[in-house]
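These entries record what I looked up in one structure, in the order in which I looked it up.

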Amino acid sequence: MKLGVITEGFFRTHLDDSPNAKPTYPAMRMVPFVLAEQGRAVLDGEVPLRG
C-alpha cells in the first residue's frame with residue numbers, strides 16, 4: 001500500500017507538469033498494476049513468501 005501511495009505522488013507531480021518532475025515519473029502509471037499482479041500471485045500461492 002505504501003509503495004502505491006508514494007508512486008501516486010510521483011505520478012501526480014508528472015501530471016501537474018511540475019519543474020521537479022523527473023523523466024521516469026510517467027512510468028509510475030504502471031506501478032499499481034504491477035503491485036496488484038504480484039499480490040495476486042502471492043495470494044494464489046504462485047510466489048512463495050520469504051521469511
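**Entry 1: aromatic pairs.** I searched the predicted model for aromatic pairs and found one. The partners are Phe10 and Tyr25, and I note the pair as stacked. The ring centres lie 4.9 Å apart, and the planes make an angle of 15 degrees. The class follows because planes under 30 degrees apart count as stacked.

I then placed both rings along the chain. Phe10 belongs to helix 1, residues 2-15, while Tyr25 sits in the loop between helix 1 and helix 2 (31-43), so the pair ties together parts that are 15 residues apart in sequence.

**Entry 2: secondary structure and overall form.** I listed the secondary structure of the chain as two helices and zero strands. I next looked up the radius of gyration, which is 14 Å for the chain, whereas a compact globule of 51 residues would have one near 10 Å. Along the principal axes, I recorded a C-alpha trace that spans about 40 × 20 × 15 Å.

**Entry 3: surface.** What share of the 51 residues counts as buried? I noted 12% for the chain.

**Entry 4: charges.** I counted 6 positive and 6 negative side chains in the chain. The centres of these two sets lie 6 Å apart. The structure holds four of them.

I began with Asp16 and Arg12, whose side chains meet in a salt bridge at 3.2 Å, N to O. Asp16 is partly exposed, at 48% relative accessible area. Arg12 also counts as partly exposed, with a relative accessibility of 42%.

**Entry 5: the network at Arg40.** Which residues are linked in a network of salt bridges? I noted Glu37, Arg40, Asp44 and Glu46.

Arg40 is partly exposed, with a relative accessible area of 31%. Glu46 is exposed, at 52%; I assigned that class because exposed means over 50% relative accessible area.

**Entry 6: Gly45.** I located Gly45 in the segment after helix 2. With a relative accessible area of 58%, Gly45 is exposed. I also compared the position of Gly45 with that of Met28: the two residues are 17 apart in sequence, and their C-alpha atoms are 27 Å apart in space.

**Entry 7: summary.** I close with the contacts that I would look up again in the model. These are the stacked pair of Phe10 and Tyr25, the salt bridge of Asp16 and Arg12, and the network that links Glu37, Arg40, Asp44 and Glu46.

Methods:
Residues numbered from 1 in each chain as written. Predicted model: local features only at pLDDT ≥ 70, side-chain atom pairs only at ≥ 80, totals over all residues. Heavy atoms only, no water. Phe/Tyr/Trp six-rings, centres within 6.5 Å; stacked < 30°, edge-to-face > 60°. Helix = DSSP H or I, 4+ residues; strand = E, 2+ residues; numbered from the N terminus. Buried < 20%, exposed > 50% of the residue type's maximum accessible area, 1.4 Å probe, protein only. Rg over C-alpha atoms; globule rule 2.2 N^0.38 Å. Lys, Arg positive; Asp, Glu negative; His and termini not counted. Charge placed at Lys NZ, Arg CZ, Asp CG, Glu CD. Salt bridge = Lys/Arg side-chain N within 4 Å of Asp/Glu carboxyl O.
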